[in-house]
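Reader: Hi! Could you walk me through this one?
Author: Happy to, here it comes.

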Amino acid sequence: MADNALASLKGALRGALITRDDKDAFTAARSRGWNRDLNARANPLAFAVVSGVRDIVTTVNFCRSNKIPIAVRGKGAHSPYGMANDAVVIDLMKMTAVRVDPQKKLAYIQAGADGGDIDHETALHNLICITGSVSHTGFAGVALGGGLGHLSRWLGAVVDSIVGYEMVTAEGKVVRVDEATDPELFWGMRGNGASFGIVTEFVVRLRDMPNSGIIRSAPILWPVDKAKEVMTSWMERIGRADRKETETLQFVYMHSPDGHPVCGVVPLIVGETEAAAKATCDELAAFGGGALVRQDTQLPYTALQAALDGLLPFNQNYWDKGVFIDWDPRDGGAVSSIVNAAVKQWSEKPAFASKVSTFLIFMEVSGAVAKADPASTSFAARKGRLWCSCIISWPDDDVSQRAASKMWCNEFTAKLSRFHVTTYLNNAMPESEVEMLEVFPQDTMNRLRSLKQKVDPDNVFKMGAWQYEANM
Ligand SMILES: Cc1cc2nc3c(=O)[nH]c(=O)nc-3n(C[C@H](O)[C@H](O)[C@H](O)COP(=O)(O)OP(=O)(O)OC[C@H]3O[C@@H](n4cnc5c(N)ncnc54)[C@H](O)[C@@H]3O)c2cc1C
C-alpha cells in the first residue's frame, strides 16, 4: 500500500490512524488485544482508532476502494479476528457511551463498549442487559454471535433482547436495521452479525432486576478429589424438571487462591427471599458430604458480572474451546460418562497451565435460550443444556506450549463428542464445512449465504465470522 494513500486516510479521519511507521504506537495498538498469543501473530497494516460513525464510513470506503481487508474490534478485543494480517483494523475503543432510557427500558450502546460499561449505567435504574460473563469482554463480539451471559437461562441470549442496530454497510452507507426496516438483515445480524456490516450502535431491551439488583451467588468449593461425587449430584440437580429459570447453577474446575485444584458450584439465584436462596445453597453445599469453602452470599448482580475479570486478565497467552452438550437426565450412564470425562480432562491439564486462568466451565444455557424459536434469529443452534468450555493460559511465549494447550482443549471437546449437539460461533470459530454446519444448521446457512450475497457480494466484511467462507 502506497504511503501517500494511507496519508490521505490519516488526513480524513478525526481519530488517529496508526501505521507501521508509528513504531511505539503501532506496537502498543498491536498489544492491546486480550490474548497475547494472538497479538504476536497478527500484523495489520494500520489501526484506525475512529472517533465516531463518520470515521468508520471514511475507513470502509477507503478500504473498499483500495481493496484492503478490514478487521474490526471494540474495547473488549477478546476475539481472534479483531486483528488480521495486512488489514486496516477499525478500532472502536473510543466509542463506549451507553445511554439508558428507563421509561422505555432501552439501552443505546455504542459498539465499542464492554459489559462493564453497560452494567455501570443500567444498574443505576435497577435494570439489566444480558452481557458476557466477564465484564471486560466487548458487547459487540458477544452480541453479534448470539451472546450468552450468567443469567441467560432466565433472560435468553443477548440477541433475543436486541431491538435494532445502527450500522455501516459494505457500500459505506449508515442504516438503521430493525424488524420493520429490514427483517431479513435484522434476522441475520442476530447470530452472524460481523459478516454484514459494522455496527455503530445497538438498541437493547432491558429487564427489571428484582430485589434492587441483589442476587445470591459466589462459588461453593470442594477439593478436587470430591469432583466425581459433587458433579454427579450437581448434574442430577440441574436435571430436575421443576426448576425456575431464575435459578442457574454453573459448575467449574479451577484452582484455589493458594494453588490447589478445586471444583465448585456457582449458584446464581434471582428474585428469591434471602432465606429461600440460602436454603437452596445449603442444599448444594451438602453435596459430597459437605463443601470445603462457602462463599455464597447476597451481592449486587454487577459484582457477579465482574467476578471473573481478575482471573482472565489482558495480555496473557490463552487458548479456549467449547461445545454445547445435552443428555437425557434420566440416563445415569450419560451422567457418569460426562462426569468421568470432566474429571479426566482436569487431571490431564498440562503442568505449565496457569493456576489462575485455567478452567473447565459448565454453564447452563437451557431455559429461555432453548425456548426461543430457532428460526427467530440466525443464532439458531440453541440446543444443549450445557455450554462446556475449556480455557487454558500459559506463561511463556513458547509455541510448544500453545500446541499443547490447543491439544488439551481439542481433547476436551473430543471426550464430550457423544453428547455434542451444537457449537457456539463465539468460542469455536469454524474451520470446515462440517464445523460451520454445527454452528449454523443447513437451512440457516442457506439463508445466511443468500443474505451475504445481497448485502455484501464482494465480501468486504470477511475477517469476522465469515472468515471460514473467505478462505474457501
Ligand atoms: C474471557 C472471555 C470470556 C468470554 N465470555 C463469554 C460469555 O460469557 N458469553 C459469550 O457469549 N461469549 C463469551 N466469550 C466469547 C466472546 O463472545 C467472543 O470472544 C467475542 O468475539 C469477544 O468479543 P469482543 O467484543 O471482546 O472482541 P473483539 O475482538 O473486539 O470483537 C470480536 C469480533 O466481533 C466483530 N466485531 C466487533 N465489533 C464489531 C462491530 N462494531 N461491528 C461488526 N463486527 C464487529 C469482529 O469480527 C471482531 O473480530 C468470552 C471470551 C473470552 C475471551
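Author: A term to start with: two strands pair if DSSP finds at least two bridges between them. Helices (H or I, at least four residues) and strands (E, at least two) are DSSP runs, numbered from the N terminus. This is a predicted model, where local features need pLDDT of at least 70 and side-chain atom pairs count only at pLDDT 80 or more, while totals for chains, interfaces and linings use all residues. Residues are numbered from 1 along each chain as its sequence is written.

Reader: Thanks! In what order do the five strands of the open sheet come?
Author: The order is 5-6-10-8-9, and the pairing is antiparallel.

Reader: Which strands stand at the edges there?
Author: Strand 5 (98-101) and strand 9 (174-177), each with a single partner strand, so one side of each is left without a neighbour in the sheet. From one strand to the next, the twist averages 15 degrees.

Reader: How many bridges join strand 6 to strand 10?
Author: Five, between residues 106-110 of strand 6 and residues 198-205 of strand 10, and the two run antiparallel. Leucine 106 has arginine 205 in strand 10 as its bridge partner.

Reader: And which strands does helix 5 lie across?
Author: Helix 5 (residues 115-122) lies across strand 5 and strand 6, and runs at about 35 degrees to strand 5. For angles, axes are lines fitted to C-alpha atoms, for helices over the stretch in contact, and the values run from 0 to 180 degrees between N-to-C directions.

Reader: Nice. What about the open sheet of four strands, what is its order?
Author: That one goes 1-2-4-3, with mixed pairing. Its edges are strand 1 (16-19) and strand 3 (70-73); each has a single partner strand, so one side of each is left without a neighbour in the sheet. Here the twist averages 20 degrees from one strand to the next.

Reader: How many bridges join strand 1 to strand 2?
Author: Four bridges join strand 1 to strand 2 (residues 46-49), and these strands run antiparallel. Threonine 19 has alanine 46 in strand 2 as its bridge partner. Helix 4 (residues 53-65) lies across strand 2, strand 3 and strand 4 (88-91), at about 165 degrees to strand 4.

Reader: Changing topic: how is the protein divided into domains?
Author: Into domain 1 (3-91), domain 2 (98-209) and domain 3 (212-427). Those bounds come from an automatic or database domain assignment.

Reader: How many residues of domain 2 are in contact with domain 3?
Author: 32 residues of domain 2 touch 30 residues of domain 3, where contact means that the C-beta atoms, placed from the backbone, lie within 7 Å. The largest share of the domain 2 side, five residues, comes from helix 8. By class, that side has twelve nonpolar, 16 polar and four charged residues. Ala, Val, Leu, Ile, Met, Phe, Trp, Tyr, Cys and Pro count as nonpolar, Asp, Glu, Lys and Arg as charged, and the others, Gly among them, as polar. The C-alpha centres of domain 2 and domain 3 lie 25 Å apart.

Reader: Back to helix 8, at what angle does its axis cross helix 16?
Author: Roughly 115 degrees, and the axes of helix 8 (residues 183-192) and helix 16 (residues 442-455) come within 10 Å. The two are therefore roughly perpendicular to each other. As for the cut-offs, angles under 35 degrees count as roughly parallel, over 145 as roughly antiparallel, 65 to 115 as roughly perpendicular and the rest as oblique.

Reader: Which residues meet there?
Author: Glu184, Leu185, Gly188 and Asn192 in helix 8 meet Leu448, Leu451 and Val455 in helix 16. That contact has four nonpolar, two polar and one charged residues.

Reader: Last one: how do helix 12 and helix 14 pack?
Author: At an angle of about 170 degrees, with the axes of helix 12 and helix 14 (residues 399-415) 10 Å apart. They are therefore roughly antiparallel to each other. Ala341, Lys344 and Gln345 in helix 12 meet Glu411, Phe412 and Lys415 in helix 14. The residues of this contact divide into two nonpolar, one polar and three charged.

Definitions and conventions
Two residues are in contact if their C-beta atoms, placed from the backbone, lie within 7 Å.
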